[in-house]
Amino acid sequence: MTDSAVPYGLLENAAMVLRSGRIDWLGPQASIPDIYQNLPAEDLGGRLVTPGLIDCHTHLVFGGNRAREFELRLQGASYEEISRQGGGIVSTMTHTRAMSEDELLTASFPRLDALLAEGVGCVEIKSGYGLTINDELKMLRVARRLAQERDVQVKTSFLGAHAIPEEYDGRADDYIAEVCLPALEQGVAEDLIDCVDAFCENIAFTVEQVEKVFLRAKELGVPVKLHAEQLSNSNGAALAAHYNALSADHLEYLDDAGIAAMAKSGTVAVLLPGAFYTLRETKLPPIAELRRANVPIAIATDCNPGSSPLTSLLLAMNMASTLFGFTPEEALSAITREAAKALGLQDDIGTLEVGKHANLAIWDVAEPAELVYRLGFNPLYKRVYQGT
């Protein structure tokens, strides 16, 4: 965007020219080329302009809520205990299956609108609460419809390997073969899937089961990402890196071998402070080690009804700084430049550069750190999506 030696890459007294939804020129205001001098102009009054924010990990489409489980956790129940008793993902599955496509769409609007109100221009949305072929595809269709109903870029992730539904209890391999893989194939055929995700964990799917999904995704030409090392070290991150995954997410229990594999493959580490906070985790992701290995680090809301009922990227930045030790500059890059990499969109969004989409967030702040340090305050002045 600008000189990387300058904090935040900040350019003072700047101007930007937008044309056909993209950035046509940017630089010092005093250096605007003559060919642009007579164009209509808007004076932003010295406000801060950043790339539109990117929420690169959400489960935004779902039915019901899990407020009762929140109470149970406060009384001492663990995430694993709640899940094994029929709560967690399976509880949301029941509500999601019962809702029509239109009902899910209506339920999802408030969550999406909360993100857009904070300057988000791109959001990733996963399936994973249907866990039948029809219900997984239903969720993906809703995600596609959200992009038609709102000015936002939506990237879909097929998360059929999210949990094992009750009807397949003890038969995870059968679920992969009979539901997950056919749903993946049909979703690709209907152009509903941009990426494939899975939950590799002791309460979900093994490395061997996830690999079956990744192999089919590779055959279909669809990139992958993975929920990995959230509750234990299952060597999921190394598997993700082996398949050149766009990202591995959560990563509290990531080990040195997983870090080395991610560094080699360029896989982005997506950290999710909302889940860490909500679950009252104490095991921090290995952030210093990720930095030393030059693994790109993004953050996201992980918006979901159970472990991270969060719809604020601004708060996620503050959490990343307060809980994980991010600098404000790291936090801002984690929801712009690095988040774009986590979705494979770095050529189009995530930084302010000529030729990229004109997705902008304009802020009423005196300095960028204000975006990170405030709690419960939204200083967005204007959101620009593809130039308007």
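Let's start with Asp302, which sits in the loop between strand 11 (297–299) and helix 12. One word of caution before going on: this is a predicted model. Is Asp302 buried or exposed? Its relative accessible area is 2%, and because buried means under 20%, Asp302 counts as buried.

What does Asp302 touch, once residues up to four places away in sequence are set aside? The list is Asp55, His57, Thr58, His59, His250, Leu272, Ala275, Ser307 and Ser308. Take His57 from that list. Asp302 and His57 are 245 residues apart in sequence, yet their C-alpha atoms are 5.2 Å apart in space.

Now to another acidic residue, Glu69. You'll find Glu69 in helix 1, which covers residues 67–74. With 8% relative accessibility, Glu69 counts as buried. Leaving out neighbours within four places in sequence, the contacts of Glu69 are Ile82, Gly87, Gly88 and Ser91.

Next, please turn the model to helix 4, residues 101–116. This helix has 16 residues and spans 22 Å from first C-alpha to last, close to the 22 Å expected at 1.5 Å a residue. Where does helix 4 bend? The bend is at Phe109, by about 30°, and a proline, Pro110, follows within four residues.

Which residues of helix 4 are buried? They are Leu104, Leu105, Ser108, Phe109, Arg111, Leu112, Leu115 and Leu116.

Val179 is buried, with a relative accessible area of 8%. Its contacts, apart from neighbours within four places in sequence, are Leu131, Thr132, Ile133, Tyr168 and Asp174. Val179 and Asn134 are 45 residues apart in sequence, and their C-alpha atoms are 9.4 Å apart in space.

On to empty space. Rolling a probe the size of a water molecule over the atoms shows where empty space is left. The second largest pocket holds about 390 Å³ of space. Of the 19 residues lining this pocket, the closest to its centre are Ser83, Arg84, Val90, Ile164 and Asp169. Helix 2 (79–84) and helix 3 are the elements that give two or more residues to its lining. Helix 2 provides the largest share, three residues. By class, the lining of this pocket has nine nonpolar, seven polar and three charged residues.

How many cavities of 30 Å³ or more are there? The count comes to two. The second largest cavity has a volume of about 40 Å³. It is lined by Ile23, Pro51, Gly52, Asp348, Ile349, Gly350, Thr351, Leu352, His357 and Asn359. That lining divides into four nonpolar residues, five polar and one charged.

Last, a couple of backbone details for anyone who likes to check torsion angles. Most residues other than glycine have a negative phi. Tyr8 has a positive phi, near 65°. Tyr8 is found in the segment before strand 1 (14–19), and at 22% relative accessibility it counts as partly exposed.

Arg280 also has a positive phi, near 55°. Arg280 is in the loop between helix 10 (273–278) and helix 11 (287–292). Is Arg280 buried or exposed? Its relative accessibility is 51%, and because exposed means over 50%, Arg280 counts as exposed.

Notes: Residues numbered from 1 in each chain as written. Predicted model: local features only at pLDDT ≥ 70, side-chain atom pairs only at ≥ 80, totals over all residues. Heavy atoms only, no water. 1 Å grid on protein atoms, 1.4 Å probe; cavity = no way out; pocket = protein on both sides within 12 Å on 5 of 7 lines; lining within 4 Å. Points joined across faces, edges and corners; volume = space filled by probe spheres on them. Nonpolar A, V, L, I, M, F, W, Y, C, P; charged D, E, K, R; others polar. Expected span 1.5 Å × (residues − 1). Bend = angle between axes of the 7 residues up to and from the residue. Buried < 20%, exposed > 50% of the residue type's maximum accessible area, 1.4 Å probe, protein only. Contact = heavy atoms within 4.5 Å.
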